[in-house]
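This report covers one predicted model.

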Amino acid sequence: MEEDNIKTRVVGVDISTESTTYAIVDIRGNIIAEDSFATLDYSEVNGYVSALCEKIVVMVEANGGYEQIRSVGISCPSASFITGCVVNAPNLPWKGNVPLAAMMRDRLGLAVALANDAHVSALGEHTFGSAHGMKDFIVLNIGVGLGSCFFSRGHEHQGFEGFAGEFGHACIVENGRECGCGKQGCLEAYVGAKGIVRTARELMEASDEPSLMRDLERLTPRIIKECCDQGDAMAQEVYRRTGHMLGIGLANYASIVNPEAIILTGGISHAGKWLLGPTRETFEKYVFGNMQGKVKLLVSKLNDRERDVLGASALAWEVPEYSLFK
Ligand SMILES: [Zn+2]
């Protein structure tokens, strides 16, 4: 009788608007090989999938071959783990319902698991990061958009069609700012990157007080944070207001799901104390009393890109094995 081959490696793929990163990752989370390319080089989805699969095949053949690869995990915005489809991703050129998992499986001959970026970030934090060993936690990814995923009793909450966690589009201000999703008053319109810059511009227009921000040609959340570090009161007020909005949103979220911790990831989390201080203050004011002082508010220690490719590899272990290459 032939001995069954135990497969000890998977492929993790992280798709974002800017880039697609793909890597071979072993069972311990070691990255064996990694590469990336610009996602927007391919405006048509068939061309994109063919190119991605070709690149994966070349990498796999150069690094031990197919026999060791168990499955593939993919992180993509607006993707559903349940349906295996990417549906109308706002910042990707492929519209409609794209059955990405099935397309990849057909071309690669391997089992493929697909999930949205917030879900995969949370898996990465759970397997390799700040949420290791926790069963109930929220991971919040704040960049241009604001996504979230919460784990309950050790498992991610998916929702009916796999779109749970769209926290950025929870309404926080009735008839408030317009959001990229077409609705008004969404949390993302205040706490996402564009929202933070808008708050800065509104504050500058509303008064004549001096601010370092006035002399800058280009404003970004990172530059506003640097102004905070230099003692600029108006820049600090920008993050105080941002943290206040985030604190209200998170108090509501936590009151519903009772997490052990909330872990902030993504570019905006790098604002550190300027964001965290006001968020904590407002959070404690509004969260349900039994949870006051008990919910840990943490900033991820993992590098965003590495976490997502590792998270995608953790996802790959969640699908049943299937391979044309025994
Ligand atoms: Zn929205």
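## Helix 5 against helix 7

The contact between these helices has residues from both sides. Helix 5 contributes I196, T199, A200, L203 and M204. Helix 7 answers with M234, E237, V238, Y239, R241 and T242. By class, the residues of this contact split into seven nonpolar, two polar and two charged.

Two packed helices are described by the angle between their axes and the distance between the axes. Here helix 5 spans residues 193–206 and helix 7 spans residues 233–257. Their axes lie 9 Å apart, at an angle of about 130°. Angles over 145 degrees count as roughly antiparallel and those from 65 to 115 as roughly perpendicular, with the rest oblique once angles under 35 are set aside as roughly parallel. Helix 5 and helix 7 are therefore oblique to each other. The crossing of helix 5 past helix 7 is right-handed.

Five strands form an open sheet in the order 3-2-1-4-7. The pairing is mixed. Strand 3 (31–38) and strand 7 (111–115) are the edge strands. Each has a single partner strand, so one side of each has no neighbour in the sheet. From one strand to the next, the twist averages 15°.

Within the sheet, strand 1 (residues 9–15) and strand 2 (residues 19–26) run antiparallel. Seven bridges join strand 1 to strand 2. In strand 1, I15 stands opposite T20 of strand 2.

## Helix 1 over the sheet

Helix 1 covers residues 45–62. This helix lies across strand 1, strand 2, strand 3 and strand 4 (69–75). Relative to strand 2, helix 1 runs at about 30°.

Where does R153 sit, with its positive phi? R153 is in the loop between strand 9 (146–152) and strand 10 (155–156). Its phi is near 50°, and the residue is not glycine. The relative accessible area of R153 is 68%; the cut-off for exposed is over 50%, so R153 is exposed.

N175 also has a positive phi, near 55°, and is likewise a residue other than glycine. Is N175 buried or exposed? N175 has 63% relative accessibility, so it counts as exposed. The loop that holds N175 lies between strand 10 and helix 4 (188–191).

Conventions. Residues numbered from 1 in each chain as written. Predicted model: local features only at pLDDT ≥ 70, side-chain atom pairs only at ≥ 80, totals over all residues. Heavy atoms only, no water. Axes fitted to C-alpha atoms, helices over the stretch in contact; angles between N-to-C directions. Helix = DSSP H or I, 4+ residues; strand = E, 2+ residues; numbered from the N terminus. Left-handed = near helix turned anticlockwise from the far one by under 90°. Contact = heavy atoms within 4.5 Å. Nonpolar A, V, L, I, M, F, W, Y, C, P; charged D, E, K, R; others polar. Pairing = 2+ DSSP bridges. Buried < 20%, exposed > 50% of the residue type's maximum accessible area, 1.4 Å probe, protein only.
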